[in-house]
Amino acid sequence: MRRIHAPADALYAAVVGLLGLIALAILVGPVLVVLAVSFTSEPSLRFPPQGFSLRWYAALIDPAQSGHIHEAALNSVTVALRAAGVATLVSGAAALWLRTRSGPAGRAVDLAFMSPLVLPMLSFGLAALILLTTIRVRPTLFWLSAGHLVVVAPYVLRTTAASLSQLGQPLLDSSASLGASRLYTFRRITLPIIAPGLAAGAFLAFMASMDNVPVSLFLSSARTDMLPIRLWGMIESSLDVRVAAASGVLVVSTTLLLLAMNRLVNLSRRISR
Amino acid sequence: MTAAASDLRAGAVARLRLSPPEWPLVAPLGLIFVGFFLAPLALLVWTSMHADAEMTRLGPESWMRFLGDPFYLKVAADTLLLGLKTVALTLVLGVAIGLIFLEASPAQRTALLFIIILPLLLSVVVRTFAWIVILGSEGVVSNAALALGLTSAPFSLLQTELGLIISLAQIELPLMLLPLLSVMGRIDPNLLDASRALGASRWRTLWRVILPLSAPGLTAGCLLVFASSTAAFISQSVIGGGRLIYMPLVIWQQSIVVYNWPFAAVVSLCLLISVLGVIGVIHWLGRRVRA
C-alpha cells in the first residue's frame, strides 16, 4: 500500500527537508555571520570578513573610545536586575494566588497580567512617558525599571504557574493535616517545587529587560542611556564595526548563560513545555 | 475515626479557617499593574482626545487627521499586512521545523530547542544588525548571487519589504516555534503510524492528523508573531530605512521628533486596537479549525 504514495512521499521529504534547512539557516546564520564579522581587520562590514584581528574588541573595551557604551551597558544591567528581581517576587506571589482561581475572574486577572506579551509595548512606552511628564518626574533608572517590570512580569508568572501545576492540592492538605503551619508548608513543599520555575522566569525576565526597546526608547535619555538604544543609535548613524564586537560579546554571553540555565533548571524544556 | 485523629483533623480545619487572607499575594503585582500599566494607557486615551499638539483643548481633530488621511491609512494597512506576511512565512518555516522535530530523537530535539531559544534570547538589535551585513550590497546574499552568476551587479535587499520580512522571520520564528513544538511534542506517535497503516500519504497525514492536532500551538504562534512583528520598531526602522514606513515609526517620530503627543497617542491606540482586532480574528479562526 505504501508504494502508491512513493513519489508524493519523496516530494514531501524533499519539501519539508528544504524548508527546514532554510528555516535553520535563517535562525542560526545571522548569529554566525555577526560573530565572524566582529573579527574583521577592516573598518567595513563586508562578508566574508577581510583578515582577522581583535581591533574592534580592543576599541570596544577602551574606556576613552567606548565609555558611553560601557555606561549604557551598566545602566541596562542595573535596570534588568531590578526589574527581574522585583518581577520574581511579585509575579511569584501572584502565581500562588492565581493557582487556586480557575474561574472567570481568575482567568481575567491572568489574561490582564499576561497582556504585555501581546499588546504593542511601544504604545505603553509612549503612555509611560506621558504619565511621567504629567506627574512631572524625570525618567530616571528607577522609572525605567518600573516600566520594564510591567513588561517582564509575565515571564515569571508563566514559568511559575507551569511549575505550580505540578503541586497537587492533596500534598498541601496532607502537610496541613500533619500539623504544619502554612509558612512551614510553603517553605518545605511549595517553594522547592516552584524554585526552578522562579529561576527560569527570573532569567527570562532579565534577558527580556536587557533587550527591551519599546519602553527604553521613550524613557531613556542621554543621562540614562540603555544598551539596545545606544547600539541602535550607532547602527543608524554610522555602520560602526564596534557594534559587531558588542554583538559578539552579547552572542557569547547569551550562549554561556543559556547553557548554564539549561544545566541548572533545564530551561529549554521549561519554556517549550 | 479515633478521638486523637478527629482532634488533629479539627485542629487542621481550624488552622485553615484562621489562615490569613490570600489577596495580599496578588496585591503588589495588581497595584503595579493598575498604577503603571492601566493608568498610563488611560492617560494615553485622554491625550489622544486633544485637538492640538500643545494639548490646550479637547476635540476629535487628532483622530480625524489620522482616519481622514489616505497616507496614514496606508501606513496602517501596510503595518497589518507586514504582520500577516511575516505570520505566513514563519508559519510555513515553523511547520517544517515542527515536522523535523516530530521525527527527531530526544538528543536531536534538545539540540533543536537550543538552536531555537538562543536567537530568541539574543538582542533584537544584534539580530537586526546581522541582517544588515547579510542583506546589504556587500553582503552575503548579494555576493552569493554574484558568485553563482545569478546577477551581474551587486544589489541590496535593505529598504525592501522582502528583506524586512526575511529578517523579521528570523526574529519571530522562535515565537512561532515554542508554542508549536510544545503542542506537537504531545502528539501520540501511534496516531501517525495508524494514519500511515491505513494508507494515507504523508501529505494527507500532515493535513488530516498533524495540523488539526497542532491547531492550538499554531494559533498561539500566529498571535505572538503578528503582535511582535507589527510593533518591531528596530527592524522596521533599520532594515526598512526611511523608505518603508510603519505605524511604530510614525509613533516615534510624532512623539519624540515632532512633539505632537495627541497624534502619537492616536496612532498608538490605532496600532493597539488593530492588533487586538486581528488577534481576535486569529483566535476565532483557531477555534473554528478545532471545532
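This is a predicted model: local features need pLDDT of at least 70, side-chain atom pairs count only at pLDDT 80 or more; totals for chains, interfaces and linings use all residues.
Lys and Arg count as positive here, and Asp and Glu as negative; His and the chain ends are left out. By that count, chain B carries 18 positive and 13 negative side chains. The centres of these two sets lie 11 Å apart. Chain A has 21 positive and 10 negative charges. Their mean positions are 13 Å apart.

Take the fold of chain A next. Chain A holds 12 helices and 0 strands. Read from the N terminus, its elements run α-α-α-α-α-α-α-α-α-α-α-α. The radius of gyration of chain A is 23 Å, while the globule rule gives 19 Å for 273 residues, so chain A is more spread out than a compact globule. The spans of its C-alpha trace along the principal axes are about 75 × 70 × 35 Å.

How much of chain A is buried? Buried residues account for 52% of its 273 residues, where buried means under 20% relative accessible area. The contacts of chain A can be sorted by sequence separation. Among those between residues at least 6 apart, 69% join residues at least 24 apart.

One stretch of chain A has an annotation. An unreviewed UniProt entry lists residues 73-262 of chain A as "domain: ABC transmembrane type-1". In the model, residues 73-262 of chain A are 80% helix and 0% strand.

Now chain B. Chain B has 13 helices and 0 strands. Along the sequence, its pattern is α-α-α-α-α-α-α-α-α-α-α-α-α. Why is chain B described as more spread out than a compact globule? Its radius of gyration is 26 Å, well over the 19 Å that the globule rule gives for 291 residues. The C-alpha trace of chain B spans about 90 × 65 × 35 Å along its principal axes.

Of its 291 residues, 52% are buried. Consider the contacts in chain B with a separation of 6 or more: residues 24 or more positions apart make up 69% of them. The accessible surface of chain B is about 13,200 Å². Carbon and sulfur atoms own 69% of that surface.

How values were computed: Residues are numbered from 1 along each chain as its sequence is written. Chains are lettered from A and ligands numbered from 1 in the order in which they are written. Side-chain values use heavy atoms; hydrogens and water are left out. Helices (H or I, at least four residues) and strands (E, at least two) are DSSP runs, numbered from the N terminus. The radius of gyration is taken over C-alpha atoms; the globule rule is 2.2 Å times the number of residues to the power 0.38. Buried means under 20% relative accessible area, exposed over 50%, partly exposed in between (1.4 Å probe, protein chains only). Contact means heavy atoms within 4.5 Å. The place of a charge is taken as NZ of Lys, CZ of Arg, CG of Asp or CD of Glu. UniProt positions are given in the numbering used here, feature names are shortened, and annotations may be inferred rather than shown by experiment. Accessible areas come from the Shrake-Rupley method with a 1.4 Å probe; for residues, only the protein chains shown count as cover.
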